[in-house]
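I opened this entry to record what I looked up in the structure.

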Amino acid sequence: MRLGKDVVTVGGLTSVSRIFGLLREMLMSHFLGASVVADAFIVAFKFPNFFRRFFAEGAFNAAFVPEFAGVLASDGKKKANEVANQVFSWLTLVLCAFVILVVLFTPTIIHVIAPGFCNTPDRLQYAIEFTRITFPYILFISLAALLSGILNSLDRFAAAAATPVLLNIFMIAALLLTVKEPGLALCVGVIVAGIVQFLWLYLVARKQGFRLRFQKPVLNASILKILKLMVPGAIGAGVMQINIFIDMMLASTLQTGSLSYLYYADRLNQLPLSIFGVAIGTVLLPSLSKALRTGQQAEAVDLQEKALSLGLRLSIPSAIGLIVLSYPIIDLIYGHGNFSPLHVQATAPALAAFVIGLPAYTLSKVFTTGFFAKQNTKTPLKIGMVTVLVNLALNLLLIGPFLHVGMALATGLAAWVQAGLLAWKLSQKSMIHLSKVFFQDLAYVLLASSCMGGIVYQLQLCVHCPSSFLKEAIYVMGLVGVGVVSYGGLYKACIMTNCRYGKNGV
């Protein structure tokens with residue numbers, strides 16, 4: 001199955017990136033802990049990444065990839081290259097102006113997105129300084145996303161999937177090579193990595209025959225079509241970013257370190273989602289777009305069901321495993337250097353709360369891709385607006401009794417609301433059909449995952465975690481290994497049992 005093969009390629013390379021990402025987070029927690037500098041860097045690092053939803057992997061990619069893939073399939077490479085050149089020119093022009101404005105008004109922006117920093121002048125000053133250094137990253141990573149969309153449409157997934165490794169390598173190098181000011185070194189590492197990521201994909205795209213160059217921007221038919229699709233998608237992405245801004249604003253009012261607890265926990269929550277959730281969506285979008293453009297409706301429905309099934313087979317056991325092993329995993333990865341045992345105890349429940357929504361994130365990625373492939377960005381926009389309101393209400397309800405953990409739980413629960421609404425709208429439009437085999441497979445996944453969780457939990461109670469780092473690493477990896485083997489064995493046993501009794505007519 002080509003979908004599975006491409007997902008393995010993207011997911012495998014993403015896994016490599018995430019391994020480097022974990023090393024980066026370990027070094028960050030070691031050097032920065034959950035300090036004033038850590039909180040400030042997290043704001044400065046997340047802020048340009050907010051806008052990736054607009055100009056990179058989010059609204060832009062959702063509008064550009066279907067149009068580019070469609071032009072490539074119907075009109076050939078030359079016409080597609082013309083479209084890409086115009087998009088490249090417009091993107092460069094708009095983002096350069098945007099970066100200049102943000103750098104000029106950074107103090108005002110930080111007061112808005114992190115109002116709690118006003119009570120701690122050091123955090124405020126660090127956040128302003130760091131943001132001015134990191135924000136130009138949005139220009140280079142957005143242009144890199146354009147090049148990734150081109151390569152993905154050519155079914156060349158490897159180069160784009162490997163690109164995030166560069167960011168992690170440069171940030172790791174920045175931490176290891178700095179003598180003092182690790183926060184400042186991280187910011188410099190981010191902007192240098194953005195430049196290198198763009199140059200790497202530019203060279204790869206040239207080898208595929210796409211030589212992007214800046215030219216006079218013209219509002220031709222393709223650009224207008226992309227803008228028409230992108231505007232509601234950008235508004236939808238903006239609506240979703242309100243969630244993140246609200247989370248940051250609320251977390252900044254809590255005690256110092258709360259932003260760091262949420263950041264470190266969410267990084268581990270994003271690990272499985274990035275490996276298979278994003279990988280599935282990345283591979284699915286151009287495949288669905290081509291199938292729908294050429295009128296192969298049955299193939300499109302089949303692709304979507306396979307993507308959903310694959311996503312749930314991976315996300316459900318991952319979520320249960322991370323909940324059961326939240327404390328030992330956090331302690332192993334972050335519990336050293338300036339990251340104290342109290343920081344571990346504050347971060348572990350936030351991870352457990354976040355991953356409640358992990359299967360929902362994966363479902364939403366597939367469902368949203370279905371809308372984007374049909375060039376429908378308005379429906380995800382409306383559902384995104386509802387999700388923001390749900391997330392805000394849950395944040396206000398849960399932050400009082402549970403502090404930062406309540407915010408993580410609100411995010412996980414809101415993800416299920418979004419997934420449910422997307423599924424409902426897809427079924428209304430007859431854009432999805434789930435067979436009996438899908439639900440049967442889901443039952444096997446739930447049964448195997450639940451049993452796996454019970455086995456790992458009981459084993460954790462029987463075997464105490466050792467004190468040395470090496471022994472602790474062996475202990476945690478052993479628990480993870482038992483979880484993987486037990487889930488795989490139980491899932492396989494369910495399938496074999498069904499085949500045996502099914503053949504006997506029972």
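**Confidence**

I noted that the model is predicted and that the protein averages a pLDDT of 80, with 82% of the residues scoring at least 70. I then looked up the mean pLDDT by element.

**Nonpolar patch**

I turned next to the surface. I found a nonpolar patch formed by I100, L101, L104 and F105, which together have about 430 Å² of accessible area. I placed I100, one of these residues, in helix α5 (residues 77–104). Is I100 buried or exposed? I recorded I100 as exposed because its relative accessibility is 53%, and the cut-off for exposed is over 50%.

**Positive patch**

I also looked up charge on the surface. Here K228, K378, K382 and K429 gather in a patch of positive charge. I located K378, one of the four lysines in this patch, in helix α18 (residues 378–428).

**Loop residue Q215**

Where does Q215 lie? I found Q215 in the loop between α11 (182–207) and α12 (221–252). With a relative accessible area of 22%, Q215 is partly exposed, since buried requires under 20% and exposed over 50%. Finally, I checked a contact along the chain: Q215 and N85 are 130 residues apart in sequence, and their C-alpha atoms are separated by 7.3 Å.

Terms used. Residues numbered from 1 in each chain as written. Predicted model: local features only at pLDDT ≥ 70, side-chain atom pairs only at ≥ 80, totals over all residues. Heavy atoms only, no water. pLDDT = per-residue confidence, 0-100. Patch = residues over 30% accessible without salt bridge, like charges linked within 9 Å, V, L, I, M, F, W, Y side chains within 5 Å. Areas by Shrake-Rupley, 256 points an atom, 1.4 Å probe, with all protein chains shown as cover. Salt bridge = Lys/Arg side-chain N within 4 Å of Asp/Glu carboxyl O. Helix = DSSP H or I, 4+ residues; strand = E, 2+ residues; numbered from the N terminus. Buried < 20%, exposed > 50% of the residue type's maximum accessible area, 1.4 Å probe, protein only. Lys, Arg positive; Asp, Glu negative; His and termini not counted. Charge placed at Lys NZ, Arg CZ, Asp CG, Glu CD.
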